[in-house]
Protein chains: 2
Amino acid sequence: MPDQSHTPPSRATQPDLPVQPADVMAAAARLDGLAHRTPVLTSRTANERVGAKVFFKCENFQRVGAFKFRGAYNALSQFSPMEKERGVIAYSSGNHAQAIALSAQLLGMPATIVMPKNAPDVKLDATRGYGAEIVLYDPETTVREELAAEIADERDLTLIPSFDHPHVVAGQGTAGKELIDEVGELDTLVVCCGGGGLLSGCAMAADVLSPDCRIIGVEPDAGDDAARSLRTGTLQTVTNPDTIADGARTPSLGEVTFPLVLHYVDDIVTVSDEALIRAMRFLWERMKIVVEPTGALAAAALFEGIVDPSGGRVGAIISGGNVDLARAGRWFATT
Amino acid sequence: MPDQSHTPPSRATQPDLPVQPADVMAAAARLDGLAHRTPVLTSRTANERVGAKVFFKCENFQRVGAFKFRGAYNALSQFSPMEKERGVIAYSSGNHAQAIALSAQLLGMPATIVMPKNAPDVKLDATRGYGAEIVLYDPETTVREELAAEIADERDLTLIPSFDHPHVVAGQGTAGKELIDEVGELDTLVVCCGGGGLLSGCAMAADVLSPDCRIIGVEPDAGDDAARSLRTGTLQTVTNPDTIADGARTPSLGEVTFPLVLHYVDDIVTVSDEALIRAMRFLWERMKIVVEPTGALAAAALFEGIVDPSGGRVGAIISGGNVDLARAGRWFATT
């Protein structure tokens, strides 16, 4: 949809933005030796299909199985001694829960995670396994944001949201920094978009390390709020979008991420769930890596020709690999 | 079963054996730049579970998705100009078919592959995709070895079997060589065993590069012919073993591999299909890699405590990742 494409303003440093590229660089120093430097994979067949050289940055191999560890650790490692002693609270049914729990364990601070009572046992067990206290709630009757705020207030805990926080955004951007550090400048960088933390963080890394690189976000068709927000310049929302990309079911970009996306991102495109399953099949079957639906958004946009790969050097972030294997098998059986 | 364990004779070079460790080293030079140097992965959780530092050599990331490319290319690259002009023939329903087809394509020679008519389309298409001619047969009425010999004779083609050939064995051994080159000496090396090509090849590499390393083969319970052959010193067979480890359904070790296994291998153990699925689940879910059942044999023996990891540095070959995803999903749903 090039005719509707958004043209980002000049990328000169804008002090009114809530995060700066230098924050991503500082986060990389904090994460050094703690986050995995995840592998960058390539595939002849993928290159042929896309018509470009594609570098897949595989955050499914990150600690806790997703990029979320980067932002969580970057945020928690900047707590004051007092904040650290009292501890962190987070709410998440997904990868952010484990990312906060592991980061808190590594930093020796208590963690409280608010999770829906119907969360899969494997996620509850993994979060508990990192020593976090889990508070279960009934998603039918409770608004998790309110419950978390209440507990934070009572116990004097510091809340770290899953994307809308400057330190979280800066941490996520280190994935993009590592990719460009390893493979050199890119013509296009394609990143999945839920709340926009990974997307805007990686965009800032590219702004410094590969300034001519186009930045493209990818959402599921059903959850196209960020695409609409970018095109209209006004924050758009979506309610409970019906998509298998559970990491991109967020209702909207946030106060921190929206201005960053407006400033740094060239375009946001969307893909269908069927395209996601086709992309997952390729990644699993041909590249032998387990990728969750949200983690396949960028690859799907490239494989389906929705992103123009012109220029020839394309980065794609594979954001995570946490998925129920039996459920994935059913998707593969029927698509 | 340590009381029944086989004690290999002295590892001094035995000129009467059909392959020598030096052949593995020569194969490595031939494969340099053509085979992928596949990654060696480690996992904190796997180490904790096994009680040792485990190095997984990931041949699921090899070209055609399995180690078989190594042996096939090593064999075909030693054809005489006349043999090369006439071409190669192979029979296989599995990874050897694609390995021969790709190797022939790279070397610019014709390839004929005899495959069962009920082989999955994805395998037929992949083999054809490398430019091979496929001859289909009905496994109910035709013995594939006889059909292949007949065509080889008619067309003057050179037959390359899937394991029982000195050049194939030497090529497979380069996987073990690369592993030890990368991580250093090992106390134990665990390798899956079908026809014994990968096992004996890797054992020869270890004999040179890590002489004190124990070499353990792993078979499925139902296809324990190699374990029995090693213990009795007499070639044992098995008929159509009922196991999901399709790469280890071979009826017996071969004329080339049996003496090598007797000479170089310390023990061969077996694992159940249930253990294989548990190991696959760990490899897929925690390590985010797609591994076929045969490829998980070595890991399963370690995870289940069937191999003693004493010494603390253990290598395990992950031999391949070609598996029907929907079928794997059903295994994961029911185990």
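This is a predicted model: local features need pLDDT of at least 70, side-chain atom pairs count only at pLDDT 80 or more; totals for chains, interfaces and linings use all residues.

Trainee: Why is the relation between chain A and chain B called a two-fold axis?
Mentor: Chain A is superposed on chain B by a rotation of 180° with 0.0 Å of shift along the axis, at an RMSD of 0.0 Å. That is the relation of a two-fold axis.

Trainee: Which residue of chain A comes closest to the rotation axis?
Mentor: A:G329 does, with its C-alpha at 1.9 Å from the axis.

Trainee: How do you know that the copies meet through the same surface?
Mentor: Of the interface residues of chain A, 100% are also interface residues in chain B, so the two copies use the same surface. Chain A brings 21 residues to the contact, and chain B brings 21 residues.

Trainee: How much area do chain A and chain B bury between them, and what share of it is on carbon and sulfur atoms?
Mentor: They bury about 1,800 Å², with 63% of it on carbon and sulfur atoms.

Trainee: How many salt bridges and how many polar contacts are there across this interface?
Mentor: The count of salt bridges between chain A and chain B is zero. Six residue pairs across the interface are in polar contact, with both residues at pLDDT 80 or more. On the side of chain A that touches chain B, the elements giving two or more residues are α12 (273-285) and α14 (325-334) of chain A. Of the elements, α14(A) gives the most, with five residues.

Trainee: What makes β1 and β9 of chain A edge strands?
Mentor: The open sheet has six strands in the order β1-β2-β10-β7-β8-β9 (chain A), with mixed pairing. β1 (40-41) and β9 (267-271) of chain A each pair on one side only, and that makes them its edge strands.

Trainee: How do you know that β2 and β10 of chain A pair?
Mentor: Pairing needs at least two bridges. Strand β2 (residues 53-58) and strand β10 (residues 313-318) of chain A are joined by six bridges and run parallel, so they meet the rule for a pair. Within that pair, A:F55 stands opposite A:G315.

Trainee: Which strands of chain B are joined to β10(B)?
Mentor: Strand β2 (residues 53-58) of chain B is joined to β10(B) by six bridges, running parallel, and B:F56 has B:A316 as its bridge partner there. Strand β7 (residues 188-192) of chain B is joined to β10(B) by three bridges, also parallel, with B:L189 partnered by B:G315.

Trainee: Why is strand β10 of chain B called mostly covered?
Mentor: Five of its six residues are buried.

Trainee: Why is B:S43 called buried?
Mentor: Its relative accessible area is 11%, and buried means under 20%. B:S43 therefore falls in the buried class. The residue lies in the loop between β1 (40-41) and α2 (44-50) of chain B. Leaving aside neighbours within four places in sequence, B:S43 is in contact with B:F282 and B:M287.

Trainee: Then what makes A:L34 partly exposed?
Mentor: A:L34 has a relative accessible area of 24%. The class runs between the limits of 20% and 50%, so A:L34 counts as partly exposed. A:L34 is in the loop between α1 (21-31) and β1 of chain A.

Trainee: What does A:L34 contact beyond its neighbours within four places in sequence?
Mentor: A:R63, A:F69, A:Y73 and A:L106. A:L34 and A:Y73 are 39 residues apart in sequence, and their C-alpha atoms are 8.7 Å apart.

Technical notes: Residues are numbered from 1 along each chain as its sequence is written. Chains are lettered from A and ligands numbered from 1 in the order in which they are written. Side-chain values use heavy atoms; hydrogens and water are left out. Helices (H or I, at least four residues) and strands (E, at least two) are DSSP runs, numbered from the N terminus. Copies are superposed by least squares on the C-alpha atoms of residues with pLDDT of at least 70 in both. Contact means heavy atoms within 4.5 Å. Buried means under 20% relative accessible area, exposed over 50%, partly exposed in between (1.4 Å probe, protein chains only). Buried area is the accessible area (1.4 Å probe) that two parts lose on being put together, summed over both. A salt bridge is a side-chain nitrogen of Lys or Arg within 4 Å of a carboxyl oxygen of Asp or Glu. A polar contact is a pair of N or O atoms within 3.5 Å; within protein, one must be able to donate a hydrogen and the other to accept it, and residues adjacent in sequence count only if both atoms are side-chain atoms.
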